[in-house]
Amino acid sequence: MQTGGDIPEVPGRPDERDRPRVGVDEWVASVEGRREDRVGFARLGRRIDALLPPWARLLIFGVFAATLPLWMDRGDLFAYGIFTLIYILLGLGLNVVVGYAGLLDLGYVALFGFGAYFYALLSSEHYGIHWPSAVSIPVVVVSTALLGLVLGIPSRRLLGDYLAIVTLFFGQAFVVFVNAANPTVRGKGLTGGPNGIADIDPNDLFGYELTTRRQQYWFILGVVLLVLIGLHFLSESRTGRAWRALREDPLAAEAMSMPVNRLKLKAFAFGAGIAGLAGCIFAAVLTAVTSGNFALPILITIYAVVILGGIGSLTGVVIGAIVINVSFQFLAPENPQDNARILFYAVVILLLVLAVRPWWMLGVVLGGVVVFGFAAHAIAEAIDPSWTAGAVVEGGRLAGVISDWVIIPAGHERFANVAYITLIVAVLALTRIHGWWRTILLVPTLYLTAIVWETSFVEQPAVARWILFGALLVTLMTVRPQGLLGTPRVEIV
Amino acid sequence: MIVAFNAELFIQLLVNGITLGSLYGLIALGYSMVYGILKLLNFAHGDVYMIGAFVGYGVLSLLGGPLSPNISLAPLIVLMFLAAMIASGLLGVVIERFAYRPLRDAPRIAPLISALGVSFFLQNSALLVFGSQFRSYDSFVLGSKNPEFFEPGPLTDPVFVIKHVNVQLIQVIVLATTAGLMVALTVLVAKTHLGKAMRATSYDREAAAMMGIDTDRVIASTFFIGSLLAGAAGVMFGLLFSQVFHFMGFLAGLKGFTAAVVGGIGSIPGAMLGGLLVGLAESFAAGYLGGRWSDLTVFGILILVLLIRPSGLLGTRAIQKV
């Protein structure tokens with residue numbers, strides 16, 4: 001095409017004069033470069049993509065992960081290492097269904113559960129069957145993939161939301177079936193009811209049983225790396241591109257003569273297969289399965305993993321799984337709350353650093369919070385000493401500072417709940433106001449956050465983490481639907 | 001399990017099923033209205049219902065608690081309903097404003113995930129604030145003269161008897177309130193200005209906006225009305241089954257949704273019909289197959305309906321425009 005020609009010369013803004021004019025071939029070709037490049041995480045994500053080729057990222061992750069057992073003790077390796085790897089695997093499977101093909105599958109966790117239960121039936125004391133892993137894992141993976149295929153059949157007819165519902169119900173039905181229905185097979189409850197199935201064999205590598213945590217960790221790491229490599233090539237393949245086209249616009253994809261139904265079923269089967277694999281590993285590592293492991297909270301966690309890192313990005317899933325699982329384990333009830341506290345305040349400050357500009361404003365806000373805190377504490381103490389007489393839960397080294405700064409009442413049972421509800425209202429109000437008022441409101445809100453943490457969340461860390469995950473999903477969806485490393489979707493005008 | 005036909009059991013199950021069904025119908029209306037107008041599955045709807053039940057409990061304890069209420073029974077129940085309905089309605093508006101409105105033009109998967117997050121957030125907030133124990137409305141002794149001797153209160157009085165089966169006052173209250181609310185809603189949608197705006201918005205949001213309808217306000221009103229009905233259903237649940245807890249919204253939400261889909265999502269009479277069907281199915285499955293099968297029966301019905309007639313019994317087939 002000749003430049004100039006029929007299209008009249010339109011003087012753009014000074015910085016746009018050098019770019020190709022709207023509509024010409026060069027303009028169309030440079031669409032990637034024109035995508036909105038926001039500051040902060042978005043640009044960081046783009047840079048990681050540009051600077052490090054996929055194999056380098058894989059190498060960094062692999063080397064880091066492989067050396068983990070050398071400096072971590074057994075308990076930590078189980079909680080932080082093995083669980084992160086399982087979340088990565090689950091996230092990768094869900095990423096195929098949701099991230100690549102754009103199908104909202106809310107029964108995913110049931111497929112994970114099916115894999116775990118099936119593996120448990122094939123290799124445990126429950127029926128006395130002990131198949132070696134080399135046989136049972138492929139059998140489980142293939143049958144989970146087939147189940148995913150069956151579950152995906154309605155998706156041929158259903159629009160996005162109906163699919164979500166059918167799968168959500170499938171997930172719920174699975175839990176009810178395992179827990180309550182528990183049909184009797186060969187004189188025994190098939191699924192063990194609420195007790196689940198115990199004494200499951202560990203995975204074995206062609207007869208060599210992986211019993212120590214280190215061996216298991218390295219085995220799972222190997223599986224994860226293989227799946228990562230496989231998915232990378234899959235996503236670059238013809239099928240991967242077709243899936244993304246399907247996600248962006250199913251109608252247009254169909255009009256381009258793509259076999260939409262077959263692609264959907266393929267995505268379901270692939271995701272389900274990976275979920276089944278994760279189930280085998282999970283059952284073998286835990287040596288017991290119960291229905292509680294496959295209920296709604298886990299589904300939310302897997303979604304948080306995929307969405308945080310960025311829907312459709314493999315690096316994103318790995319990073320998301322690490323972030324989610326580490327914060328998840330920090331907030332575990334059996335973990336000393338001191339660590340969780342440091343993490344919490346660190347995250348709050350990190351968010352402030354990202355959100356508050358210019359830099360001196362950050363100083364004003366943080367200083368304001370500290371001063372506000374001491375003032376509020378002094379006033380509360382002056383009114384009635386019982387308002388500040390409460391004890392800090394597992395304060396550790398920070399206990400003294402916290403009890404002088406945060407209002408922790410003794411008695412006054414309603415205080416924690418009132419503070420929590422006020423915090424929700426304050427945060428919602430913060431999103432609606434702008435300018436100086438926002439900065440001014442930010443100070444008491446931050447102080448309130450500290451109060452809520454010290455009075456409610458520390459006492460019930462297990463509940464607090466679900467609340468934070470729920471809030472994370474909503475916030476991410478409204479602020480940055482593509483996640484940290486995902487690419488923003490093309491706006492169709 | 002085969003049970004010889006027993007008329008008494010059958011009528012008992014029928015009465016229970018209809019009461020339960022009217023409750024599900026109310027929840028289904030909220031789903032159906034929101035879906036009709038936004039094409040959004042509001043997963044958080046069940047949790048709005050749960051919050052409504054807790055607000056009803058809060059009013060009850062503020063006024064002296066179930067065992068010794070300060071005011072007489074009729075105004076107490078009216079107050080509980082009003083407080084729960086208004087609080088749930090406002091909650092629905094807040095959810096819409098902060099979790100769904102920013103996503104109006106986002107890809108369809110985004111508001112669904114956001115809704116999931118809201119549901120999870122509400123559920124666990126309730127767990128944090130109210131704790132995991134069951135709270136009881138004590139409807140058995142509510143309004144009784146001697147609650148400490150477990151003398152039954154007026155809510156359990158039989159209003160009429162069919163073949164030795166008592167239909168209790170509370171069941172009549174639930175049925176009457178549901179019927180009243182549904183008539184009011186039908187009139188609102190069919191006759192008023194707001195109803196006309198709602199119908200227009202659900203037909204074509206952009207065209208409605210071009211005709212001068214403030215669609216954001218219409219959507220907010222839809223959320224208010226739908227959530228209000230859920231709040232009423234929450235109090236009804238508390239009065240019928242006497243216990244409220246943080247997780248009650250999830251299953252009730254699923255069943256309300258089933259009712260909406262079975263009846264034909266987006267259709268108001270469909271939601272009522274679907275609610276009755278789901279309530280009856282659950283009641284009969286629990287009576288004849290055993291309680292553990294009742295949930296599975298309901299889910300089975302949903303999946304069957306979706307596979308055979310995705311638009312539901314009274315729904316119209318959606319035409320997909322390109």
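Helices here are DSSP runs of at least four residues, numbered from the N terminus. The model is predicted. Helix α7 of chain B spans residues 205-210, and Arg205(B) lies in this helix. Arg205(B) has 18 other C-beta atoms within 10 Å, so the residue is partly exposed; a buried residue would need 20 or more. Asp216(B) is 11 residues from Arg205(B) in sequence. In space, the two C-alpha atoms are 9.7 Å apart.

Chains A and B touch. The contact involves 37 residues of chain B and 40 residues of chain A. On the chain B side, α3 (73-100), α4 (109-130), α9 (248-263) and α11 (294-308) each give two or more residues. The largest share comes from α4(B), with 15 residues. By residue class, this side of chain B holds 30 nonpolar, four polar and three charged residues.

Chain A has two assigned domains. Domain 1 covers 51-330, and domain 2 covers 339-459. Their C-alpha centres lie 39 Å apart.

The largest nonpolar core has 232 residues. Leu89(A), Leu473(A) and Ala232(B) have the most contacts inside this core. Helix α12 of chain A (residues 260-286) gives the core its largest share, 17 residues. Domain 1 and domain 2 of chain A each supply at least three residues to this core. In chain B, Ala232(B) touches Leu26(B), Phe81(B), Ala84(B) and Met85(B). Thr177(B) and Leu181(B) are also among the contacts of Ala232(B). Residues up to four places away in sequence are left out of this list.

How values were computed:
Residues are numbered from 1 along each chain as its sequence is written. Chains are lettered from A and ligands numbered from 1 in the order in which they are written. This is a predicted model: local features need pLDDT of at least 70, side-chain atom pairs count only at pLDDT 80 or more; totals for chains, interfaces and linings use all residues. Two residues are in contact if their C-beta atoms, placed from the backbone, lie within 7 Å. Ala, Val, Leu, Ile, Met, Phe, Trp, Tyr, Cys and Pro count as nonpolar, Asp, Glu, Lys and Arg as charged, and the others, Gly among them, as polar. Domain bounds come from an automatic or database domain assignment. A residue is buried if 20 or more other C-beta atoms lie within 10 Å of its own, exposed if 12 or fewer, and partly exposed in between; C-beta atoms are placed from the backbone. A nonpolar core is a set of buried Ala, Val, Leu, Ile, Met, Phe, Trp, Tyr and Cys residues joined through C-beta atoms within 7 Å.
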